[in-house]
Amino acid sequence: MSHTFVTYIGAEPSKVWEALVQPEGTRRIFFDCVLQSELKPGSPFSYIGPGNDGPETLHVYGEIIEIEEGSKLTMLEHPGPSYYENHAELTSRIIYTLEQAGSCTKLTLINDQFSDNHPSEAKAAESWAIILSSLKTYVETGKSLDFGW
């Protein structure tokens with residue numbers, strides 16, 4: 001299965017990019033997690049934050065496949081070990097593409113190439129809707145969404 005989402009954000013692509021890769025933004029849109037990576041092709045990445053294993057829970061990890069700073073990020077991801085015992089066998093690909101659209105950014109997100117029986121595949125659409133809504137709100141207003149959790 002492949003999930004594709006397109007949203008328009010009232011900001012320049014550079015501002016959206018910063019929110020996706022810098023700690024202040026990732027904390028706001030990825031449930032208080034920070035993206036740790038050199039952001040180079042072949043380098044590892046991880047999203048670390050509060051969770052099942054305490055304040056430094058590894059939520060998602062993997063490898064940067066492709067990066068064009070400010071416009072494209074492709075990652076091969078695994079769910080963190082606190083979620084699934086077979087986490088290393090579970091993978092999917094995530095592609096963020098940012099394009100200028102007038103004074104806005106067109107963000108296209110693709111989440112595909114799920115490994116067989118990946119339990120997160122069924123939840124991906126709902127999860128990405130929350131994350132992308134959070135991203136849009138944060139970039140446009142500087143505020144986080146409160147989902148009541």
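For the classes used on this tour, Ala, Val, Leu, Ile, Met, Phe, Trp, Tyr, Cys and Pro count as nonpolar, Asp, Glu, Lys and Arg as charged, and the others, Gly among them, as polar. The model is predicted: local features need pLDDT of at least 70, side-chain atom pairs count only at pLDDT 80 or more, and totals for chains, interfaces and linings use all residues. Residues are numbered from 1 along each chain as its sequence is written, and side-chain values use heavy atoms, with hydrogens and water left out.

**The whole chain**

Begin with the entire chain in a cartoon display. The chain has 3 helices and 7 strands, and along the sequence they follow the pattern β-α-α-β-β-β-β-β-β-α. Helices (H or I, at least four residues) and strands (E, at least two) are DSSP runs, numbered from the N terminus.

The C-alpha atoms fill a box of roughly 45 × 30 × 30 Å, taken along the principal axes. The radius of gyration of the chain is 15 Å, which agrees with the value near 15 Å for a compact globule of 149 residues. This radius is taken over C-alpha atoms, and the globule rule is 2.2 Å times the number of residues to the power 0.38.

Next, display the surface. Its accessible area comes to about 7,800 Å², of which 50% belongs to carbon and sulfur atoms; such areas come from the Shrake-Rupley method with a 1.4 Å probe, and for residues only the protein chains shown count as cover. Buried residues make up 44% of the 149 residues, where buried means under 20% relative accessible area, exposed over 50%, and partly exposed in between (1.4 Å probe, protein chains only).

**The largest pocket**

Which residues lie nearest the centre of the largest pocket? Select Phe31, Val60, Ser120, Ser127 and Ile131, which hold that place among the 26 lining residues. On a 1 Å grid over the protein atoms alone, a pocket is an open set of points where a 1.4 Å probe fits, with protein on both sides within 12 Å along at least five of seven lines; lining residues have an atom within 4 Å of a point.

About 790 Å³ of space lies in this pocket. Grid points are joined across faces, edges and corners, and the volume is the space filled by probe spheres set on the points. Colour strand 3 (44-51), strand 4 (54-68), strand 5 (72-79), strand 6 (92-101) and helix 3 (124-141), the elements that each give two or more residues to the lining of the largest pocket. Helix 3 gives the most, with 6 residues. By class, this lining has 17 nonpolar, 6 polar and 3 charged residues.

**The second largest pocket**

Now select Arg28, Ile29, Phe31, Ser134, Ser144, Leu145, Asp146, Phe147, Gly148 and Trp149, which line the second largest pocket. About 160 Å³ of space lies there. Its lining divides into 5 nonpolar, 3 polar and 2 charged residues.

**Along helix 3**

Select Val139, whose place is in helix 3. Is Val139 buried or exposed? Val139 is buried, with a relative accessible area of 2%. Leaving out residues up to four places away in sequence, Val139 touches Ile9, Ala11, Lys15, Val16 and Ala19; contact means heavy atoms within 4.5 Å. Thr141 is also in helix 3, but Thr141 counts as partly exposed at 48% relative accessibility.

Select Thr108 in strand 7. Thr108 is buried, with a relative accessible area of 13%. Its C-alpha atom is 5.2 Å from that of Thr97, 11 residues apart in sequence.

Proceed to the loop between strand 7 (104-112) and helix 3, where Gln113 lies. Phe114 is in this loop too and is buried at 14% relative accessible area. The C-alpha atoms of Phe114 and Ser92 are separated by 4.2 Å. Beyond four places in sequence, the contacts of Phe114 include Met1, His3 and Ala124.

Finally, inspect the backbone angles. Most residues other than glycine have a negative phi. Gln113, however, has a positive phi near 50°. Asn117, in the loop between strand 7 and helix 3, has a positive phi near 60° and is exposed, with a relative accessible area of 73%.
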